[in-house]
Structures are given as C-alpha cells and as structure tokens.
Amino acid sequence: MGNCAQPWPEKCISSRLPHAQDLGSALYTKNQPLCHISMRNRSTIGPMHVMQATFGRLCADEERGTEMRSKIGLVLGILAFLAVFLLMRYYEFDLPVWNYFFGYRPDPLSLHLSGEFVESNLGLTQETDGSLTARLVAQQFLFVPQCIEVPVGVPIRFRVTSADVVHVLFFAGTTYRIRAAPGYVSESRLQFPHVGTFSIPCHEFCGGGHYAMRSRVLAVPKEQFHPPQSGERSACAPH
Amino acid sequence: MRRTESAPLRTSAGRVAGLGLAMLTIVASMMLWAQSSKLTSKPGLRVPSDVSWTEDTIALASGGSVVRGLILSRRCDRCHGGEGFSSRPTTPNLAGLDRLSFWKQLQDFRSGKRPSFIMQQVLQFVLPESDPDLAAYYSMLPTSSDPQDVREFPSAAPAAGHTTIAARLVSLGDGRRGIPPCQACHGPVAFVRGAPPLRAQNTGYILEQLEAFADASRANDINISMRSISAALTDEERRALAEYYGAGFGMNSAGATAAP
C-alpha cells in the first residue's frame with residue numbers, strides 16, 4: 001500500500017475485506033468497515049471518529065488492524081480462561097494437595113494427649129490479629145464443644161477434625177458444611193448472617209447415634225459478644 | 001491469523017499466555033507458602049486420660065490371662081463381691097465389663113486422672129502388669145441373676161414416669177440437645193471403645209458417676225464426651241437412667257418391655 005498522508009485515506013483502503021468476511025463479523029459490511037469512516041457526508045465529528053482517532057493504528061490499515069484486533073481478542077480470551085482455570089485449580093487442587101503433604105495432620109487417637117485439639121484448646125479463641133478461631137472435635141456421637149457463641153456477620157475460622165470416623169458438620173440455616181475426617185484438619189471461614197441459633201447436625205452417617213448428633217452455634221449481636229481473653233477458650237453452655 | 005505453522009511461544013499471544021501462566025503459578029505457590037496456622041498462647045494443658053487406643057494399647061489391655069485374674073481378684077471380693085456383683089449401691093459391679101474400659105479405668109486411677117481415694121489406695125498393692133489379667137477375668141464373669149449371692153443388682157423398678165424418660169434417652173437420645181442414645185455406645189445395640197456396658201450396673205453407682213461427670217469432678221472421659229452429655233441431662237433424667245439400668249432394663253435391646 002502506498003504512503004497516505006491523509007488521516008482517513010479512503011483511497012488507501014481497499015474495498016474488498018477478505019478478513020472481515022472470514023471472521024464473519026457483523027461490524028463490517030462489504031464497503032463500509034467500522035474503521036473507515038468517511039467525512040464526506042458528515043459535518044460533525046461523532047463517536048466513531050473518536051474511536052478511529054483513538055485506535056488509529058487499528059483502523060487505519062484494514063488488514064493488519066483486523067489481525068491486531070484478533071490477536072488482542074485472543075490474548076484477552078486466553079487470560080480470562082487462565083484466570084478461571086488457575087483460580088479453580090488453586091482452590092480445588094493446590095490447597096488440598098498442599099494441605100495433604102505439608103498441612104498439620106493430627107493423630108485421631110491421641111487428640112486428647114497433645115497437639116492443637118487437646119480439650120483445653122477447643123472452643124472459640126482470639127488470634128493476635130483479632131480474628132476469631134473456633135476449634136471442634138467430631139467424635140461418635142457428638143461435636144465438642146456443643147455450643148459456640150460467635151458475633152454476627154464476622155468471619156470465624158473453623159478448624160475441625162475427627163477422632164474416629166468421617167463426620168460432616170452441616171450449619172443449618174446457612175449453606176456451609178465442613179467435612180471432618182480423621183487424620184486431617186478441615187478449615188473454613190464462616191460468617192453467620194443473623195442473630196439466633198444455628199444448629200449443627202451431623203450430615204455423614206457415622207453409626208448408631210448419628211441421628212441425634214448435633215451441636216449449635218449461637219450468633220449474638222456484636223455489642224453483646226465478649227471475645228475470649230488471651231489464653232482463654234470459650235464455649236457457651238450446652239443447653 | 002493465517003499462519004499455518006505456529007509454535008505456541010512464537011506468537012505474541014502465546015508468549016503473553018505463557019507469561020501469565022507462569023506468573024499466576026508463582027503467585028499461587030506464594031499464597032500457599034504464606035498459609036500457616038497462627039496459634040496464640042494455649043491455656044494450661046489438661047489431659048483427661050493418659051490412655052489412647054493405639055493398637056499396642058489395645059493388645060496390652062486385652063492380652064490378660066483369665067486364670068491369673070481369677071487368683072488375683074480374690075482381694076477385690078470384699079467390696080465388689082465374689083461374683084463380680086457388689087452388695088453396695090455405690091460400688092460398681094465388675095461382672096461383664098469389657099477388658100478395654102476396665103483396664104482404662106485402672107490406669108486412670110493409678111495416674112490420678114480419675115480421683116478415687118479408695119481405689120488409689122487399693123491399687124498401690126496391685127502390680128500394673130496384673131491389670132490386664134483382672135480385666136480378662138471380670139470380662140468372663142456372667143451377668144445372669146444368682147439368688148444365692150448378695151447383690152444390689154437388680155434394684156427395684158424405676159419410679160413412675162422414669163421408665164419412659166429413660167427408655168427414650170437410651171434408644172433415641174435427644175437430638176435437640178445433641179444427646180446421643182446411650183445404647184449406641186454402652187448398650188446392647190453398639191459399643192464404643194472405652195464405654196463400659198451398663199446392662200448389669202448398680203443404680204447408685206450410675207447416678208453417682210453421672211453427677212460426677214455433670215459437674216466435671218470426674219473428667220477422665222476422652223474428648224469431653226460424657227461430661228458434655230451428662231451436663232446436658234437434667235437431674236431427673238440422670239436419676240431415671242440410673243434406675244432404668246439398675247433395674248435391669250438394659251439387659252437386652254428390647255429395653256423397657258423386657259424383664260432382666
């Protein structure tokens with residue numbers, strides 16, 4: 001193509017648009033591509049002219065403009081796919097695998113002897129940065145402690161393990177469930193939406209007492225909530 | 001894009017994608033590395049029992065000799081009866097107790113995790129190696145009735161209304177309070193390691209232990225199980241359960257409808 005001095009070189013642009021037709025783009029008609037906006041019949045400048053001026057390089061040259069737009073579209077598409085794929089992979093694969101190899105693996109038979117889930121360490125506690133952590137042990141046939149008092153609307157980190165078989169804590173009234181497997185610690189950040197009692201029945205058949213297996217979370221307003229002092233673990237009375 | 005030959009990294013789009021993949025993977029692994037559980041200072045450690053049910057422990061506790069136990073248990077007759085049934089309501093019957101829970105209670109008496117003045121005195125004169133033998137012997141004793149023996153068990157029938165309360169708790173528990181059915185751990189239906197069978201136990205003893213669990217004066221249950229359950233029960237329910245088992249209604253899974 002020749003060297004065209006004018007900004008919208010009409011005569012530089014060929015009227016045949018093989019790329020546009022290959023792409024099947026509806027933006028292009030045979031003789032009036034989007035980027036080729038003639039000043040011939042217009043007296044004012046409109047948005048199309050602005051676009052053309054902004055993305056001048058994309059529009060000035062039909063063939064390379066199309067190619068460049070396709071490339072950018074391809075790159076954006078790849079990045080979007082990568083973002084979704086990697087996010088999913090992180091939460092579904094990376095985290096569990098890392099936890100499997102490097103996570104804390106308590107021995108279900110000796111939870112009461114040492115480690116994070118000794119009975120003096122169960123219940124709600126406050127970390128150094130002010131966040132709240134609740135530790136529970138699932139066993140046949142109860143969740144210990146049987147009642148946890150939490151403030152409404154504050155994310156609470158729940159860490160649960162099992163002393164014998166697989167149990168699932170289902171937080172009734174929410175969409176949360178935590179699977180407690182022996183030998184692993186399940187961690188989840190939960191937030192309780194309103195004041196009241198959220199029952200925690202067991203949602204994985206664990207034996208003869210499964211159907212009576214239940215704990216509860218008591219969500220209180222933030223003003224009424226007393227965070228446990230340093231070194232203290234708190235749990236409300238069972239009933 | 002009419003290139004016929006295209007290696008992924010030769011196109012600029014491919015390079016961007018590769019760079020993005022590498023960066024995101026690096027960021028992901030950094031996030032994983034940064035995840036570590038932050039533990040604040042723990043309160044004073046309290047261990048409920050030194051016993052944990054590893055395979056070695058189970059083999060040790062259940063490997064006793066019945067004959068040795070027969071000889072050694074004669075000194076236990078004074079309180080616990082010659083046939084494993086005591087004549088006093090607050091002294092437990094030892095007949096029919098499974099080896100593991102029997103052995104665990106002896107260890108807890110020795111270590112002080114279960115406070116009992118009399119048992120700690122007595123066990124000073126029993127070698128720890130004899131504990132599995134005693135457990136083996138008492139587990140073999142029958143729990144059928146013997147009119148010639150002076151026994152507290154079975155006691156009189158439960159008070160009015162208590163049978164219903166107790167039967168419901170034994171067979172169904174109470175889901176609202178999270179109380180599991182007694183028979184799922186203690187009963188004829190199923191047994192959990194460490195939970196003794198209650199079918200031939202005295203009323204006074206069961207009531208005493210339930211009350212001790214409720215105010216945590218007895219605290220050798222692993223993972224706060226019995227303390228939670230007993231604290232959730234009312235006084236009347238504890239009495240009802242003690243009378244139910246003490247009258248022999250826990251003998252078989254038919255429960256209240258069957259005589260001992």
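Colleague: Where is the place of Tyr184(A)?
Modeller: Tyr184(A) sits in the loop between β7 (177–180) and β8 (186–190) of chain A. Helices (H or I, at least four residues) and strands (E, at least two) are DSSP runs, numbered from the N terminus. This is a predicted model, where local features need pLDDT of at least 70, side-chain atom pairs count only at pLDDT 80 or more, and totals for chains, interfaces and linings use all residues. Residues are numbered from 1 along each chain as its sequence is written, chains are lettered from A and ligands numbered from 1 in the order in which they are written, and side-chain values use heavy atoms, leaving out hydrogens and water.

Colleague: What does His210(A) touch?
Modeller: Leaving aside residues up to four places away in sequence, His210(A) touches Phe141(A), Cys202(A), His203(A), Glu204(A) and Phe205(A). Contact means heavy atoms within 4.5 Å.

Colleague: Stepping back, how many helices and strands has chain A?
Modeller: Chain A has four helices and 10 strands. From the N terminus on, the order of elements in chain A is α-α-α-α-β-β-β-β-β-β-β-β-β-β.

Colleague: What share of chain A counts as buried?
Modeller: 42% of the 239 residues of chain A. Among contacts in chain A between residues at least 6 apart in sequence, 56% join residues at least 24 apart.

Note on methods: Buried means under 20% relative accessible area, exposed over 50%, partly exposed in between (1.4 Å probe, protein chains only).
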